[in-house]
Each structure stands twice: as C-alpha cells, then as structure tokens.
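The report below takes them pair by pair.

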Amino acid sequence: MITAEDVPAVRSALLRYRVMAWIVGVLLVVLVCVGVPMKYFGHNDTVVTWTGMPHGWLYLLLLITAYDLGRRVNWPWLRLILIALAGTVPFLSFVAERYATKDVHQRLAEAENGGVVGDDQPEVRAAEG
C-alpha cells in the first residue's frame with residue numbers, strides 16, 4: 001500500500017526505473033537493429049561488442065529497479081515479471097515503461113489525495129468515536 005509518507009520514495013524509485021528502462025531499451029534497439037545486421041551482413045562486430053556487454057549489465061540494474069518499484073507499489077508478481085522481461089524484447093521496454101509509469105502515477109495521485117492505494121480491496125476503517 002502506498003501512503004502519503006511513501007510518495008517521495010515511490011517517485012524516486014519510479015525515476016530510477018524509467019531511466020534504466022530507457023537506457024536498456026535504447027541499447028537493445030541499437031544492438032538488434034544496428035549491431036546484429038552489421039555483424040552478420042557487414043562482418044563488423046564493433047557495435048555488438050560495444051553495446052552487448054553494457055546492455056547485459058544494465059539489464060541487471062533494470063531488474064533491480066523494477067523489483068524495487070514493484071515492491072513499493074505492491075505490483076502482483078506476474079506484472080513484475082512481465083515488466084522485467086520487457087527489457088529483452090526490442091522496443092517493448094518503452095511500452096512497459098509507459099504502462100508502469102501510468103499505473104504508478106495513478107496510485108500516487110490516489111495516495112496524495114488521502115487514500116491508501118495498492119491493494120485491490122478497499123481498506124476497512126474503524127469508526128472514530
């Protein structure tokens with residue numbers, strides 16, 4: 001559940017995830033759309049060499065940032081796994097980042113408006129008295 005006190009930490013986690021999703025996505029697109037054709041048709045593996053290894057290491061950071069964000073906003077495991085796998089398909093990390101950002105912004109808006117968000121079931125509050 002996201003409370004008003006959690007909002008700054010969630011915003012920070014979202015920013016880290018978005019940066020990593022874009023970096024990993026761009027590297028993967030360059031690797032697959034430029035590097036692989038150059039390697040197999042042009043017999044030049046320079047792009048694959050310089051983007052393949054960084055993409056792999058940065059993908060691990062993407063997994064960490066996605067997990068951090070997912071646990072902060074209580075995503076179900078399936079959503080978290082799908083978002084993590086999006087970094088392995090060209091262009092899909094951009095789509096996953098957009099959906100994740102939209103979801104988190106909605107949850108943050110509800111939390112900032114005084115509600116507690118994150119679970120599918122509304123919280124039952126005891127009557128004050």
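What follows describes the aromatic contacts and their surroundings.

## Basis of the report

This is a predicted model, in which local features need pLDDT of at least 70 and side-chain atom pairs count only at pLDDT 80 or more, while totals for chains, interfaces and linings use all residues. Residues are numbered from 1 along each chain as its sequence is written, and side-chain values use heavy atoms, with hydrogens and water left out.

## Tryptophan 22 and phenylalanine 94

Searching the whole structure gives 3 aromatic pairs (rings of Phe, Tyr and Trp, the last by its six-membered ring, with centres within 6.5 Å; planes under 30 degrees apart are stacked, over 60 edge-to-face and the rest tilted). One of them is the tilted pair of tryptophan 22 and phenylalanine 94, with 4.5 Å centre to centre and 45° between the planes. This pair links distant parts of the chain, 72 residues apart, since tryptophan 22 belongs to helix H1 (residues 7–41) and phenylalanine 94 to helix H4 (residues 92–112); helices here are DSSP runs of H or I with at least four residues, numbered from the N terminus.

Tryptophan 22 is partly exposed at 44% relative accessibility, whereas phenylalanine 94 is buried at 17% (buried is under 20% relative accessible area, exposed over 50%, partly exposed in between, with a 1.4 Å probe and protein chains only). Trp22, Phe91 and Phe94 form one aromatic cluster.

Because tyrosine 67 is in helix H2 (residues 46–72) and tryptophan 77 in helix H3 (residues 77–85), the pair ties together parts that are 10 residues apart in sequence. Tyrosine 67 is partly exposed, at 43% relative accessible area.

The charged end of arginine 71 sits over the ring of tryptophan 77, 4.6 Å from the ring centre (NZ of Lys or CZ of Arg within 6 Å of the centre and within 35 degrees of the ring normal).

Conventions: Helix = DSSP H or I, 4+ residues; strand = E, 2+ residues; numbered from the N terminus.
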